[in-house]
Amino acid sequence: MKSNLKTLADEVRNIDLGYILKSKGYHESKEGISTKYTSDAHAINVTGSKWYDHKSGIGGGGAIDLVMYMEQCPYKEAVLSLADFRGVTNVSPLPEQRPAPERKPFAELMKTYGKRDDTLWPLARHYLVETRCLPAPLVDEAFASGKIYANDHRPNPSLVFLHTDANGTVQGATLRDTVHQSGFRPCLGNKTEAWFTFHCPLHKADSVVLVESPIDALSWHARTIDKDNPLPTVAVVSLAGCHTPDALLQFCQQKQIKITPAFDNDTAGREEIRRLQAMNNPLIERPAIPYAKDWNEELCAVTRPRFVPRQKKSPIKGIKL
């Protein structure tokens, strides 16, 4: 039996990962040398035979590993599931798995995707103010600080949100196309030790608010911080996903910085809140949960009443509010 299982595993382990994910209804979008497959609960990047879920911070290699993760099943069950997926054992082979291409350095990726072009900034600014409902002074402040700008992609530039480490050194970037819902949202460089941070520099903060995207960071700021409530030592940090990296938790622990989880109001966001609360870390504060799906949707709902936010269930099962 073990020999038969091994033979079957050898036949299915190289099934194309994208083929599997598309068959399960995932949305596909290119991200440089990788391809992202997204659902409500997952955001899985595939590069060759390697995969990484930005929602959970978990990755692996090969079809068997991916199915074990997605279906939360043991090795044998995953192999048999893939065999059924292929039509048991004797069918024409699925697309051949290509070796993972060599990962390009961050500086090289920025030359392709992050080259600044200020002549296109008015288009990017219009997207943030008119489509994303962000206050114009806030957008202008972020642009003036150099934290965001427009790249040179024509006719529709992408927004570039720079990631900095705890010392303020640029080590990565999140890109966001200005065509609404285009699906182009690559994350370049380092996202586990550097993040888009707004309002207060991380090394000067006494508390951080964790959100899933740079636009949510700006939206949380717009919803929460005003002249009467300046909160000068709060850093709003975008994790480019909802997994809190160990490096950030360790930095906050070392500096005794309080942490407020403010992830999306969805399954993945609530699971990450539960994971953080299970640590019983006194620095982790009560979560802030948007009434809509995320902070930008809530901001738009307030700014434009025709948007109706999804009501938050209170309390949410398993989360301490």
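Helices (H or I, at least four residues) and strands (E, at least two) are runs that DSSP assigns, numbered from the N terminus. By that rule, Y69 lies in helix α3, and the protein has eleven helices and 13 strands. This is a predicted model, where local features need pLDDT of at least 70 and side-chain atom pairs count only at pLDDT 80 or more, while totals for chains, interfaces and linings use all residues. Residues are numbered from 1 along each chain as its sequence is written, and side-chain values use heavy atoms, with hydrogens and water left out.

**The whole protein**

- Buried residues (under 20% relative accessible area; exposed is over 50%, partly exposed in between; 1.4 Å probe, protein chains only) make up 50% of the 321 residues.
- Take the contacts (heavy atoms within 4.5 Å) between residues at least 6 apart in sequence: 64% of them join residues at least 24 apart.

**Helix α3 and Y69**

- Helix α3 covers residues 63-71, and its buried residues are A63, I64, L66, V67, Y69 and M70.
- Y69 has 12% relative accessibility, so it counts as buried.
- Leaving out residues up to four places away in sequence, Y69 touches H42, W51, D53, S56 and I58.
- G59 sits ten residues from Y69 in sequence, and the two are 8.8 Å apart in space, C-alpha to C-alpha.

**A four-strand sheet**

- Strands of a sheet pair through backbone hydrogen bonds, either parallel or antiparallel.
- Here, four strands make an open sheet in the order β6-β7-β8-β9, with antiparallel pairing; two strands count as paired if DSSP finds at least two bridges between them.
- β6 (148-150) and β9 (187-189) are at the edges with a single partner strand each, so one side of each has no neighbour in the sheet.
- On average, neighbouring strands of this sheet are turned by 25° against each other, direction ignored; axes are lines fitted to C-alpha atoms, for helices over the stretch in contact, and angles run from 0 to 180 degrees between N-to-C directions.
- β6 and β7 (residues 158-164) pair over three bridges in the antiparallel sense, and I148 stands opposite F161 in β7.
- Helix α6 (residues 121-131) packs on the sheet and touches β6, β7 and β8 (170-177), with its direction at about 120° to that of β6.

**Aromatic rings**

- Rings of Phe, Tyr and Trp (its six-membered ring) pair if their centres lie within 6.5 Å; planes under 30 degrees apart count as stacked, over 60 as edge-to-face and the rest as tilted.
- The whole structure has four aromatic pairs.
- W121 and F143 form a stacked pair, with 4.2 Å centre to centre and 10° between the planes.
- That pair links distant parts of the chain, since W121 is in helix α6 and F143 is in helix α7 (residues 136-144), 22 residues apart.
- W121 counts as buried because its relative accessibility is 7%, and F143 counts as buried because its value is 19%.
- F161, F196 and F198 form one aromatic cluster.

- Helix α8 (residues 214-224) packs with helix α11 (residues 295-303) at an angle of about 45°, their axes 8 Å apart.
- That angle is why α8 and α11 are oblique to each other; angles under 35 degrees count as roughly parallel, over 145 as roughly antiparallel, 65 to 115 as roughly perpendicular and the rest as oblique.
- In α8, I215, D216, S219, W220, A222 and R223 meet W295, N296, E298, L299 and V302 in α11.
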